[in-house]
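Me: I would like to go through this predicted model and ask what stands behind the labels used for it. Please set each value against its cut-off.

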Amino acid sequence: MEELRMSDAEATVDGGTGVDPAGNGAARTAGDRVIRLSDVTFGYTAAPVVEDVSLDIHDGEYVAVVGPNGSGKSTLMQIMLGLLRPDDGEARLFGEPAHSFDDGQRIGYVSQHASAAKEMPITVREVVRMGRFPHVGFGRLGAEDDRIVDEALATVGMADFADRRITKLSGGQRQRAFIARALAGEADLLVLDEPTVGVDAESVEAFYDLLESLNDDGITVLLIEHDLGAVTDHAERVICLNREVYFDGPTAEFVDSDALARAFGTAVGFLGGSEKR
Ligand SMILES: Nc1ncnc2c1ncn2[C@@H]1O[C@H](COP(=O)(O)OP(=O)(O)OP(=O)(O)O)[C@@H](O)[C@H]1O
């Protein structure tokens, strides 16, 4: 899937109950809810691949979605972002029905497939400048936009690579460039679908350190991840999915639970550090 950019609308929040099934963010209010799924069921055919999922994700959280291959993680993500509409139940994004949400500047999307931009003969700076396009329409970028682009490049440690072609970067550098594009767009929700597939181990660590520091700065991070070590090292909350939600709560509790084994239908142990399973 391509990077997702939506347009500009004042975020509204529902006046919901603030119910927090995961027990996360108990002190938070309904006002800072980013995503709400209520009894969501979806199937590409008659058989559901996501069934009866209810959860809230709040502003500033760092949430990882884990589960076996084909367990519905990407589908769930697309429902959250309004790209797929539930057959039953409701998905809300920044308080609006997800399918009609159109605020491109609020969401940055990075996947292992990254973007068609990675094949294009353009520089890192040009990729990052794309993040400003929703802000200036078809107009030209001004000095303030360039300042924001430079700041985004510096934040992800890519200032020295600004004039390098995106095709000449390593996988980890390329993902940093796409994060910078999201930052330049002033996204406050970063959605990442297995962003480090094909990225070398050292860069993976640095990449997760970067995500953590962005999260510390207040950006909400929602991550689909196969690397359970990265999840346990970095995410504060885990949603374990296999069609249904098997676990939704703090990472430390997930590690001690049998949710993973139940979701995978087999005994699965945690691997340390950033080892892959
Ligand atoms: N566009 C589609 N049309 C029909 N079936 C689909 C489509 N996309 C996914 N599926 C099926 O839906 C199920 C869930 O797929 P999904 O990609 O959401 O799982 P996932 O957990 O993200 O998988 P992976 O970890 O392998 O990427 C799978 O059985 C998959 O084959």
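Me: Why is strand β7 called largely enclosed by the rest of the structure?

Reply: In this predicted model, a residue counts as buried if 20 or more other C-beta atoms lie within 10 Å of its own. In β7 (residues 189–193), 5 of the 5 residues are buried, so the strand is largely enclosed. Both faces are covered, with Leu189, Val191 and Asp193 buried on one side and Leu190 and Leu192 buried on the other.

Me: What makes β6 and β7 a pair?

Reply: At least two bridges are needed for two strands to pair. Strand β6 (residues 107–111) and β7 have 5 bridges, in the parallel sense, so they pair.

Me: How do you know that the length of helix α4 agrees with what it should span?

Reply: Helix α4 covers residues 143–155, 13 residues in all, and at 1.5 Å a residue it should span 18 Å. The end C-alpha atoms are 18 Å apart, so the two values agree.

Me: What makes one face of α4 the buried one?

Reply: The buried residues of α4 are Ile148, Val149, Ala152 and Leu153. Viewed down the helix axis, they fall within an arc of 140 degrees, so they line one face. Elements that cover them include α2 (124–130) and α5 (171–184). On the other side of α4, Ala143, Glu144 and Arg147 are exposed.

Me: Why is Phe94 called buried?

Reply: Phe94 has 23 C-beta neighbours inside 10 Å, so it counts as buried; the cut-off is 20 or more. Phe94 sits in the loop between β4 (88–93) and β5 (96–97). Its phi is near 50 degrees, a positive value in a residue other than glycine.

Me: Why is Glu186 called partly exposed?

Reply: A residue is exposed at 12 or fewer such neighbours and buried at 20 or more, with partly exposed in between. Glu186 has 16 other C-beta atoms within 10 Å, so it is partly exposed. Glu186 lies in the loop between α5 and β7, and its phi, near 60 degrees, is positive in a residue other than glycine.

Key:
Residues numbered from 1 in each chain as written. Predicted model: local features only at pLDDT ≥ 70, side-chain atom pairs only at ≥ 80, totals over all residues. Helix = DSSP H or I, 4+ residues; strand = E, 2+ residues; numbered from the N terminus. Expected span 1.5 Å × (residues − 1). Arc of directions from axis to C-beta. Contact = placed C-beta atoms within 7 Å.
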